[in-house]
Amino acid sequence: MGVFFDLWFFSAIFLFGIPRDRCADIIGGKESKPHSRPYMALIKGRQICGGTLIKPNWVLTAAHCLEKTPTVVLGAHSFAKHEDTQQIFRVVRQIAHPCYDETTKEHDLMLLQLNGTAKINKDVRTIKLTKKGDDLKAGTKCHVAGWGITQNRQKKPSDTLREVDVTVIDRKICNDGYNRPIVTMTMVCAGDKKGGKDACVGDSGGPLICNGEQKATVSFGGKSACGDKRQPGVYTLLTKKHISWIQKTIGGNL
């Protein structure tokens with residue numbers, strides 16, 4: 001998730017004039033088994049982002065993935081090819097977390113309301129979000145998935161969904177590599193102590209899955225390169241307050 005592109009974009013509905021963050025694809029991972037992660041949402045616009053289906057008409061992603069006219073593809077394995085499993089939607093509302101700060105990167109979450117209701121089947125399903133909203137201990141084993149780039153300095157996204165296993169890294173160690181922004185208690189770092197395993201450009205908004213639940217979303221990474229052991233990927237932690245905001249916004253329990 002290291003090297004991101006600084007672009008400017010506009011919200012069609014809520015937010016205006018906020019600079020686009022450098023998006024976070026999968027480094028050091030493998031191709032996912034087709035449709036083995038039916039909760040994944042592919043968000044297409046001027047940038048590529050990931051997301052998760054949390055209700056049949058709501059997707060969770062990163063606030064810096066804000067687009068003017070995004071398209072959400074559910075049931076996808078291929079980025080470019082049409083598949084019979086795919087369900088395609090327009091976005092009618094983009095709701096960034098009210099406390100999102102583009103400078104500090106805190107609360108980098110956004111909800112997308114779809115213009116229809118997804119048909120739930122074996123290829124399209126909702127994800128299980130954490131309900132406790134507790135912190136993740138260093139050493140916790142997790143995985144992340146997305147259609148992002150697979151090599152640094154690459155421009156094209158992966159044609160297929162990919163995933164990689166990562167390990168939660170202590171914030172103090174993480175902050176030793178990051179001068180700005182500071183990795184706060186609303187964020188979590190994950191990667192590999194040897195480097196080489198990470199999310200990257202195009203993976204922003206995708207899920208960090210730990211113990212069978214989505215615990216966080218891809219937010220940002222190092223300035224030098226994806227997979228840099230000194231600057232592991234940083235994720236927005238789904239805290240109790242974040243979960244409460246999600247439930248109130250979408251109108252009901254998850």
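In which loop is K193 found? K193 is found in the loop between β12 (187–191) and β13 (207–210); helices (H or I, at least four residues) and strands (E, at least two) are DSSP runs, numbered from the N terminus. The model is predicted, so local features need pLDDT of at least 70 and side-chain atom pairs count only at pLDDT 80 or more, while totals for chains, interfaces and linings use all residues. Residues are numbered from 1 along each chain as its sequence is written, and side-chain values use heavy atoms, with hydrogens and water left out.

**Surface charge**

K193 counts as exposed because its relative accessibility is 74%. In this report, buried means under 20% relative accessible area, exposed over 50%, and partly exposed in between (1.4 Å probe, protein chains only). Together with K141, K194 and K197, K193 forms a positive surface patch. Patches are made of residues with over 30% relative accessible area and no salt bridge, like charges being joined within 9 Å and nonpolar side chains (Val, Leu, Ile, Met, Phe, Trp, Tyr) within 5 Å.

**Disulfides**

The structure holds 4 disulfides, a disulfide being a pair of cysteine sulfur atoms within 2.5 Å. With bonded cysteines counted along the chain, the pattern is 1-2, 3-7, 4-5, 6-8.

The disulfide of C49 and C65 is left-handed because the torsion about its S-S bond is about -90°. This pair links distant parts of the chain, 16 residues apart: C49 is in strand β5 (residues 48–55) and C65 in the loop between β6 (58–61) and β7 (71–74). C49 counts as buried at 1% relative accessibility, and C65 counts as buried at 2%.

The link of C142 and C210 is right-handed, with 105° about the S-S bond. C142 lies in strand β10 (residues 141–146) and C210 in strand β13, so the pair ties together parts that are 68 residues apart in sequence. Both C142 and C210 are buried.

The link of C174 and C189 is left-handed, with -75° about the S-S bond. C174 belongs to helix α1 (residues 171–177) and C189 to strand β12, and the pair connects distant parts of the chain, 15 residues apart. C174 and C189 are both buried.

**Salt bridges**

Side chains of opposite charge can pair when their charged atoms come close. A salt bridge is taken here as a side-chain nitrogen of Lys or Arg within 4 Å of a carboxyl oxygen of Asp or Glu, and a search of the whole structure finds 8 of them.

One of these joins R37 to E163, with the closest N and O atoms 2.7 Å apart. R37 is in the loop between β3 (30–31) and β4 (40–44) and E163 in strand β11 (residues 162–169), so that distant parts of the chain, 126 residues apart, are linked. Both R37 and E163 are buried.

Another salt bridge brings together the side chains of E213 and K128 (3.9 Å, N to O). E213 lies in strand β14 (residues 213–220) and K128 in the loop between β9 and β10, so the pair ties together parts that are 85 residues apart in sequence. E213 is buried, with a relative accessible area of 16%, whereas K128 is exposed at 52%.

The side chains of D228 and R230 also meet in a salt bridge (3.0 Å, N to O). D228 is buried, with a relative accessible area of 12%, whereas R230 is exposed at 56%. Elsewhere, salt bridges that share partners join K128, D134, E213 and K215 into one network.

Definitions and conventions
Accessible areas come from the Shrake-Rupley method with a 1.4 Å probe; for residues, only the protein chains shown count as cover. Lys and Arg count as positive and Asp and Glu as negative; His and the chain ends are not counted. The place of a charge is taken as NZ of Lys, CZ of Arg, CG of Asp or CD of Glu.
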